[in-house]
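Biologist: Could you bring the model up? I'd like to talk about holes first, then charges.

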Amino acid sequence: MDATRKERLHAAGINVDGALERFMGNESMLERFLGRFLEEKSYAALAAAVAADDAAAAAAAVHTFKSVCGSLGCDRMQQLALAQEAKMRADDWPGAKAMMPELQEEYDRICAALRG
Amino acid sequence: MQTSFMRRKGAPNTMLIVDDDEMNRVLLSMIFEKDHPILEAANGEEALAIFAEHKGEICAILLDVQMPVMDGITMLGKLAGEHVPARIPIFLITGETKSEVIQQAYDLGVMDVIPKPFAPPIVQRRVNSVMELFAARNHFADVVAEQTEELREQNQQLQNLNMGMIEALATATEFRSGESGEHVRRIHDITRLFLEKTPLRAQFSDEEIRQIALAAILHDVGKISIPDAILNKPGRLTPEEFAVMQQHTVSGDDMLTHIPQLKGLPFYDYARLIARHHHERWDGKGYPDGLAGDDIPIYAQIVGVADVYDALVSQRVYKPPFEHGDAVDMIINGRCGVFNPLLMEYFRDCAPAMRELYARRAD
């Protein structure tokens, strides 16, 4: 991973150093999973569940998504997912739903940085 | 990074990683794959199947909570039902923050709950510490089991030696009176039969029955002190000779009290009382003390019956063997002295088994 890419990912809110630590310094493995984030299934499931007003499916999806973000060092995204999960757990479904544009924006920003 | 824990040869070493997310499985595998073969499962159901297939190989389970098909807590419940958490350390590696879920996991026996996302050195340290603890505990349990087995074997050897010495003593006595060691074996077996197959069973523990049967074989040990001329006299004994012969009961009791090593053995009291009183009779007309009724220890009474029965059905220089049925009738009818009527009832009941015992011996 060259310095420019690292810089760009950093700017998009990805804590690359933290992620590398979790991947035990294995950069290619980290890149492999960052690549998958572009079509992250748990995020797709979350977006679909929110659109369909399926609270249970959304809760399961955001839980997984939050964990993926955490592992990959997408710290800001993780915080958003965490906040949304908290609203769902507190039965504040409208509040959770209302957060979706914000999550989408963050997700898009990360994907853009990843595509470089 | 080095793991510090020492694994015993042949101890299980495979780690089972259970998470529905492939990335998490990869992250955990990377931490442990240097020291452990890794098995992966994407949900509880898959994990249980893999666990059943690799039962003896798994040294630890790393478990996610929220998974499709079967979640981690449900799987944990099933493992707890088979007491797995006591043998194999289970770690919850989870994004779960609900304290009641974590409490439930601890209650079901997980050793540690590690939050996601995790830092590899910390996961490694926490998991290895617990595995080390389990390895040490299993090691000590094995050592204790080995030592216990060793002690048990030594104890068994000592018991066998005791038995051997006691049988040797009894057989030596029988040899002097021109009989084989079979007589004492039969007395042992009949005594045991009486105690095990009749209502007397309720009065004695298994161990007591074993000890009484063993004590029974020494009933005639006092005959060692009887001169050959009397012991092996082919004809009838004179009244004086008979008086000497009767002394074998008292001599047996005395002899046993003079062997200090016997005093510590659990059969000692039985052996003394049986040696002394196996010729007493219910009506007080036996010897040496003329005890009557329940004053005669019940096991001495049993050996008394067994001794008479064995003498009747065996060949002697002065008589042919009696038939089993005749011998039973003679004893019950008091032809060989009066016995406890209740004991006679029991005797009648287990006479067929006794006859079988002799038939088996004859084979």
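Modeller: Here, a cavity is a set of points, on a 1 Å grid over the protein atoms alone, where a 1.4 Å probe fits but cannot get out; a pocket is an open set with protein on both sides within 12 Å along at least five of seven lines, and lining residues have an atom within 4 Å of a point. Mind that this is a predicted model: local features need pLDDT of at least 70 and side-chain atom pairs 80 or more, while totals for chains, interfaces and linings use all residues. Residues are numbered from 1 along each chain as written, chains are lettered from A and ligands numbered from 1 in written order, and side-chain values use heavy atoms, without hydrogens or water.

Biologist: OK, how many cavities of 30 Å³ or more does it hold?

Modeller: There are 2 cavities of that size.

Biologist: Which residues line the largest cavity?

Modeller: Chain A supplies A:His63, A:Thr64 and A:Ser67. From chain B come B:Asp19, B:Asp20, B:Asp21, B:Asn24, B:Asp64, B:Gln66, B:Gly95 and B:Lys116. Helix α5 (residues 55-72) of chain A gives the largest share, 3 residues; helices (H or I, at least four residues) and strands (E, at least two) are DSSP runs numbered from the N terminus.

Biologist: What about the largest pocket, how much space is in it?

Modeller: About 1,500 Å³. It has 43 lining residues, and the closest to its centre are B:Lys223, B:Met245, B:Ala311, B:Arg316 and B:Tyr318. Helix α13(B) turns up again, giving the most to this lining with 6 residues. By class, the pocket lining has 16 nonpolar, 12 polar and 15 charged residues.

Biologist: Switching to charges: how many salt bridges over all chains?

Modeller: The search finds 25, a salt bridge being a side-chain nitrogen of Lys or Arg within 4 Å of a carboxyl oxygen of Asp or Glu. One of them joins B:Asp19 and B:Lys116 at 3.0 Å, N to O. That pair links loops 97 residues apart: B:Asp19 sits between β1 and α1 of chain B, B:Lys116 between β5 and α6. Both also line the largest cavity.

Biologist: B:Asp19 and B:Lys116, buried or exposed?

Modeller: Both are buried, with buried meaning under 20% relative accessible area, exposed over 50% and partly exposed in between (1.4 Å probe, protein chains only).

Biologist: Which residue does B:Asp289 meet in a salt bridge?

Modeller: B:Arg276, at 2.8 Å, N to O. B:Asp289 lies in the loop between α12 and α13 of chain B and B:Arg276 in α12, so the pair ties together parts 13 residues apart in sequence. B:Asp289 is partly exposed, because its relative accessible area is 36%.

Conventions. Grid points are joined across faces, edges and corners, and a volume is the space filled by probe spheres set on the points. Ala, Val, Leu, Ile, Met, Phe, Trp, Tyr, Cys and Pro count as nonpolar, Asp, Glu, Lys and Arg as charged, and the others, Gly among them, as polar.
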